[in-house]
Amino acid sequence: MNIFKGGKNASDIAQERLKLILIQDRLSLSSKEFEMLKEDIIKVLSKYFDIEENGIKINLERTKEKSIFEAIVPLIQTKKEK
């Protein structure tokens, strides 16, 4: 998966990369572990939905008590059972 695909300019791409580095740091995950986490999320969602991988956004919000991991994944349609 490459979340940097699409019609983004260099500034947008740099901003996304910086954001991902901050998220990785706050989650105490290596970049490899973070990529594995994203791949796992996509793999599970892809079992049930057709998804738009270019539109995936990941956010992390921290409070004093907890961290909130948010993945925004555009769903195109539900997969029907065969």
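**Salt bridges in a predicted model**

Lys38 pairs with Glu35 in a salt bridge (a side-chain nitrogen of Lys or Arg within 4 Å of a carboxyl oxygen of Asp or Glu), and their closest N and O atoms are 2.8 Å apart. This is a predicted model, in which local features need pLDDT of at least 70 and side-chain atom pairs count only at pLDDT 80 or more, whereas totals for chains, interfaces and linings use all residues. Residues are numbered from 1 along each chain as its sequence is written, and side-chain values use heavy atoms, with hydrogens and water left out.

User: Which helix holds both Lys38 and Glu35?
Analyst: Helices are DSSP runs of H or I with at least four residues, strands are runs of E with at least two, and both are numbered from the N terminus. Lys38 and Glu35 are three residues apart, so about one helical turn separates them, and the helix that holds them is H2 (residues 31-48).

User: Which residue forms a salt bridge with Asp50?
Analyst: The search of the whole structure finds two salt bridges. In the one formed by Asp50, the closest N and O atoms are 3.9 Å apart, and the partner is Lys79.

User: How many residues apart are Asp50 and Lys79?
Analyst: Asp50 lies in strand S1 (residues 49-51) and Lys79 in the segment after strand S4 (75-78). The pair links distant parts of the chain, its members being 29 residues apart.
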